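Visitor: I would like to learn how to read a few features of a fold. Please start with how strands pair.

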Amino acid sequence: MRAIGYLSSVGEQRSRTSTDAQPADAAPSLAVQNANFLKYCDEQGFEPVATYLDARVPPGRVRHGLAQLLRHLNEEVRGFTIVVAQSFARLGADPTQATRTALQLRARGVQLISLEEGQIDETTMVDLWQTQANADVGAHHRRERLLERARLGLAIGRPPYGYRVGDEGRYAIDDDEAHVVRDIFRLYLQEELGIRRIAQRLNEAGCQTRRGRDWSMVSIRDLLRNPVYTGRYDKLGVSVSGNHDALVSEADFLAVAEQMARRRTATGVSHPSDFLLAGLVWCGEDHARMIGVTRRQHWRKADGSSGTTVYRYYQSEARTNRSVGDYHTRRADELEAEVLAHIRGERGGGEATILNIEGDELALAAETAVAIANAETRLRSIDRQLSQLLEDAAAGDHGPAGLYDAGASIVAAWESAQADLAHLRSRSLAHERDHERRRRRNQRLRQVREDWNTLTFPQRRELIEQLVERVIVFDHTVTTLLQA
């Protein structure tokens, strides 16, 4: 298991004052956090592969360490990777920001471990947010009551799919949902279906999640990885084996983990960086991102020899993850060639997505200032939405899956707004350097037009990221939105 450390002094003052359990000087420094991270990896047998840190970040400004961590997770293969932080409080300057950080990491498919609170999942996030958001003299005592419930193996928040809260306060089997859980494990182990095919089988049968939605690859994967179905209870750093009735055996649970590891190795799925337009392509038909997919076709010739052909294409995530909707795909080579033609001006379809850079500079500066103010207002509004979602979850209106689904949508909107704000601030600082910016852009365009065949893949990828804002693919047309 690979481990990445996130070291932060963000939220330091809050962590010192939000509890009466420790003295004000007890908050560990970045150096101590790093030592704690390395010690934890050594004790658990994890491989520490990287650390990212944020120190003294002004309110409202980008946390560059977190931004680098998120980029790393976007670009790297994340199988068996965890992110380790000192505490939930260190994830953000306030409880809502800390929860947003946890959801950002969760959306990228990694586990989050707090050295002080243990594994942070959707339910634990609500508990920690509620404790931190209501920090006062009694906050420590409320947390102690939650920990006492955890030590007794009592349910905290909504139970996982397949269980309800029984008369004694522990998880009890929900017969209808338990049948689906056992079916998922059976389909994966005995019929050897992949998680995409399992989601497709359930959706075609009309079986839906607790929230009445289609099953997705993510929901199936997370269910298969959840040790709660072996009877294990994990809350707030407390782990109790045999706490409640198991839905699957420990042997089957371990067999699933082994089979998942084998399939990751055997499928040979391409790394996102193998695709020139990775992260930039969106399906105009179902408004979902299109991801790079590789398929290998094997066949046997009449003379007994075998052959293999590799197909690379971009496919809508709506079909890939949930097996719903139509197959909206484009051959990778054909789409990349068309986008290059747009950039070079050889074919219509390239559209600029920039503010008007002609005319009076003062008018442009005023326009940018208004746009920045609007983006900041939008971020505050999104944070209020997240706070409301957490309040609803704390009141029991959303289960863990519901929090993840709704939280992922809010986090995506926040990341988009935050990216817009960063872009606008950058433009505000770059007005006086506009001539240099244009010169560099023209240089990049010349590289695409004249030097493309001599460039390495990383150089081509960098140029595309600098020139292309987004590629929108419809069944019969492609539009390339160009950067400034």
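Guide: Strand β3 (residues 81–85) runs parallel to β4, and 4 bridges join the two. Two strands pair if DSSP finds at least two bridges between them, and strands (E, at least two residues) and helices (H or I, at least four) are DSSP runs numbered from the N terminus. This is a predicted model, in which local features need pLDDT of at least 70 and side-chain atom pairs count only at pLDDT 80 or more, while totals for chains, interfaces and linings use all residues. Residues are numbered from 1 along each chain as its sequence is written, and side-chain values use heavy atoms, with hydrogens and water left out.

Visitor: Which residue in β4 is the bridge partner of Val83?

Guide: That partner is Leu112.

Visitor: Which helix makes a β-α-β unit with β3 and β4, and what is its handedness?

Guide: A crossover is right-handed if, with the strands pointing away from the viewer, the path from the first strand over the helix to the second runs clockwise. Here the helix is α4 (residues 95–107), and the unit is right-handed.

Visitor: In which sense do β4 and β5 pair?

Guide: They pair in the antiparallel sense, over 2 bridges. The two strands form a hairpin with 3 residues between them, and Ile113 stands opposite Gln119 in β5.

Visitor: Where is Glu117, and is Glu117 buried or exposed?

Guide: Buried means under 20% relative accessible area and exposed over 50%, with partly exposed in between (1.4 Å probe, protein chains only). Glu117 sits in the loop between β4 (111–114) and β5 (118–119), and counts as buried because its relative accessibility is 5%.

Visitor: What does the side chain of Glu117 reach?

Guide: A polar contact is a pair of N or O atoms within 3.5 Å; within protein, one must be able to donate a hydrogen and the other to accept it, and residues adjacent in sequence count only if both atoms are side-chain atoms. The Glu117 side chain reaches the backbone nitrogen of Phe88 at 3.0 Å. Another polar contact, of 2.3 Å, joins the side chains of Glu117 and Ser114.

Visitor: What is the phi of Glu192?

Guide: Most residues other than glycine have a negative phi. Glu192 is not a glycine, yet its phi is positive, about 55°. Glu192 lies in the loop between α7 (175–189) and α8 (195–204) and is exposed, with a relative accessible area of 55%.

Visitor: How many helices and strands does the chain have?

Guide: The chain has 16 helices and 16 strands. Of its 484 residues, 45% are buried.
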